[in-house]
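Here is a short briefing on side-chain packing.

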Amino acid sequence: MEYTKRRNLNRGYMKLDVWQRGMDLFEFAFRLAKSVSDFKLKSQFTDAVQSISANVAEGYARRTLPEYLQFLYIAKGSLGETLTRAAGLWRVNLISDGDFEEFDSVHYEVENKLLALIESLESKRGTGEWIDTLPQSSGQAVSQPRSYQKSINPLIH
């Protein structure tokens with residue numbers, strides 16, 4: 001699914017599988033939540049699931065490796081909360097066995113993609129491979145990703 005035709009360096013997170021599948025999980029959770037009449041429980045479930053992709057996007061947009069990782073770890077926590085809320089809804093029969101199994105399958109996929117992204121980024125700590133500055137621009141909007149120059153700023157540990 002294409003979310004927008006407008007592209008720039010800050011919107012690169014939309015290409016990430018973990019963000020895209022997180023959005024699928026978001027959509028699925030909102031469909032499941034329609035049958036939940038308890039406003040607080042529905043709100044907690046949908047807040048947790050929307051936080052996953054939102055934190056992947058926010059961390060990506062921050063550009064520094066430590067901040068990106070911090071937001072990915074927050075997304076990981078939101079994944080845990082989301083599954084716990086879904087399991088609770090299933091246990092009290094507000095989600096069917098089939099829906100819970102399907103939700104758990106998509107959740108597991110997002111979780112593994114997120115863990116792989118975190119592992120990949122953690123391996124870059126202190127190596128100088130992470131570029132946290134935007135390229136020099138001529139003042140026009142960037143439509144295609146550009147090569148970055150290595151940052152001379154030290155990584156925060």
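A nonpolar core is a set of buried Ala, Val, Leu, Ile, Met, Phe, Trp, Tyr and Cys residues joined through side-chain atoms within 4.5 Å. The model described here is predicted. Its largest nonpolar core has 34 residues.

**Core**
- The residues with the most contacts inside this core are L25, F45, L72, F103, L114 and L121.
- At least two core residues come from each of α1 (17-33), α2, α3 (65-91) and α4 (97-122).
- Outside its sequence neighbours up to four places away, L121 touches L65, Y68, L69, L72 and W130.
- In soluble globular proteins, nonpolar side chains tend to be buried together.

**G59**
- G59 sits in helix α2, which spans residues 39-62.
- G59 has 0% relative accessibility, under the 20% limit, so it counts as buried.
- Beyond four places in sequence, G59 is in contact with E67, Y68 and F71.

**Aromatic pairs**
- There are seven aromatic pairs in the structure.
- Y60 and Y68 pair edge-to-face, at 5.9 Å centre to centre and 90° between the planes.
- Y60 is buried at 17% relative accessible area, and Y68 is buried at 3%.
- W90 and F100 are stacked, because their ring centres lie 4.8 Å apart and their planes meet at 10°.
- W90 is in helix α3 and F100 in helix α4, so this pair ties together parts 10 residues apart in sequence.
- W90 is partly exposed at 31%, whereas F100 is buried at 14%.
- Ring pairs also link Y13, W19, Y60 and Y68 into a cluster.

How values were computed:
Residues are numbered from 1 along each chain as its sequence is written. This is a predicted model: local features need pLDDT of at least 70, side-chain atom pairs count only at pLDDT 80 or more; totals for chains, interfaces and linings use all residues. Side-chain values use heavy atoms; hydrogens and water are left out. Helices (H or I, at least four residues) and strands (E, at least two) are DSSP runs, numbered from the N terminus. Buried means under 20% relative accessible area, exposed over 50%, partly exposed in between (1.4 Å probe, protein chains only). Contact means heavy atoms within 4.5 Å. Rings of Phe, Tyr and Trp (its six-membered ring) pair if their centres lie within 6.5 Å; planes under 30 degrees apart count as stacked, over 60 as edge-to-face and the rest as tilted.
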